[in-house]
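The sequence and model come first, then the notes.

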Amino acid sequence: MSRSTLAFGCLCALFLGVSGLARAEATGHISCEITENGEMATGVISVQRDGKEIATTACGRELSVPAGDYVAALRLDGAFDGPEQRQNISVKPGGAPLKLKADFKTAVLEVRIKSSGKRAAGMAVIKRNGQQLGTLGSGVQAHVSVGTYRVLVRYRTQEKDLGDITLSAGQHLTLDASFE
């Protein structure tokens with residue numbers, strides 16, 4: 001083996017070793033906690049840079065990412081409107097994990113549909129700010145973020161506008177819609 005080949009090999013090994021060490025030192029950790037109306041809940045965290053997802057995991061599990069500045073999007077599982085809270089974060093290398101918390105204020109909405117006094121299958125269209133979020137079947141409960149919603153109820157070829165309803169944290173609201 002020539003002296004130059006040996007020297008090149010040593011330089012490569014040194015470079016790879018140092019860059020691997022730099023990568024290990026430049027990693028930070030994030031943990032998150034999600035609550036719903038102050039009570040423990042489940043959710044996920046998505047760490048993003050320039051609009052691109054870098055890493056994601058369920059809250060309650062630690063996430064490792066390269067040190068740097070990010071946007072953390074924390075999302076509540078199971079809520080009808082898919083609520084998300086974003087936080088600008090700066091992840092430092094090593095040390096204790098950066099602990100993020102998000103509390104989602106929600107209510108429960110249910111729409112019951114009747115025809116000629118009997119339970120009936122129908123749909124409730126839920127809108128917020130003029131945008132349709134989705135539909136609920138009659139008698140189905142949904143967790144939704146606090147706020148004002150427009151509720152339209154459909155049964156066969158008929159439709160009723162129940163108007164705007166405002167929900168507050170912890171509220172359980174059941175709306176009834178009757179058709180003939």
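Arg75, Glu84 and Arg86 are linked in a network of salt bridges, a salt bridge being a side-chain nitrogen of Lys or Arg within 4 Å of a carboxyl oxygen of Asp or Glu. By this rule the count comes to eight salt bridges. The model is predicted: local features need pLDDT of at least 70, side-chain atom pairs count only at pLDDT 80 or more, and totals for chains, interfaces and linings use all residues. Residues are numbered from 1 along each chain as its sequence is written, and side-chain values use heavy atoms, with hydrogens and water left out.

**Arg128 and Asp81**
- A salt bridge joins the side chains of Arg128 and Asp81, at 3.0 Å from N to O.
- Arg128 is in strand S11 (residues 123-128) and Asp81 in the loop between strand S6 (68-76) and strand S7 (84-91), so the pair ties together parts 47 residues apart in sequence. Strands (E, at least two residues) are DSSP runs, numbered from the N terminus.
- Asp81 is buried at 13% relative accessible area, while Arg128 is partly exposed at 24%. Buried means under 20% relative accessible area, exposed over 50%, and partly exposed in between (1.4 Å probe, protein chains only).

**Asp164 and Arg150**
- Asp164 and Arg150 form a salt bridge through their side chains, at 3.3 Å from N to O.
- Asp164 belongs to strand S15 (residues 158-167) and Arg150 to strand S14 (residues 147-155), so the pair ties together parts 14 residues apart in sequence.
- Asp164 is exposed at 53% relative accessibility, and Arg150 is partly exposed at 33%.

**Arg112 and Glu110**
- The closest N and O atoms in the salt bridge between Arg112 and Glu110 are 3.2 Å apart.
- Glu110 is buried at 6% relative accessibility, whereas Arg112 is partly exposed at 41%.

Definitions and conventions. Helices (H or I, at least four residues) and strands (E, at least two) are DSSP runs, numbered from the N terminus.
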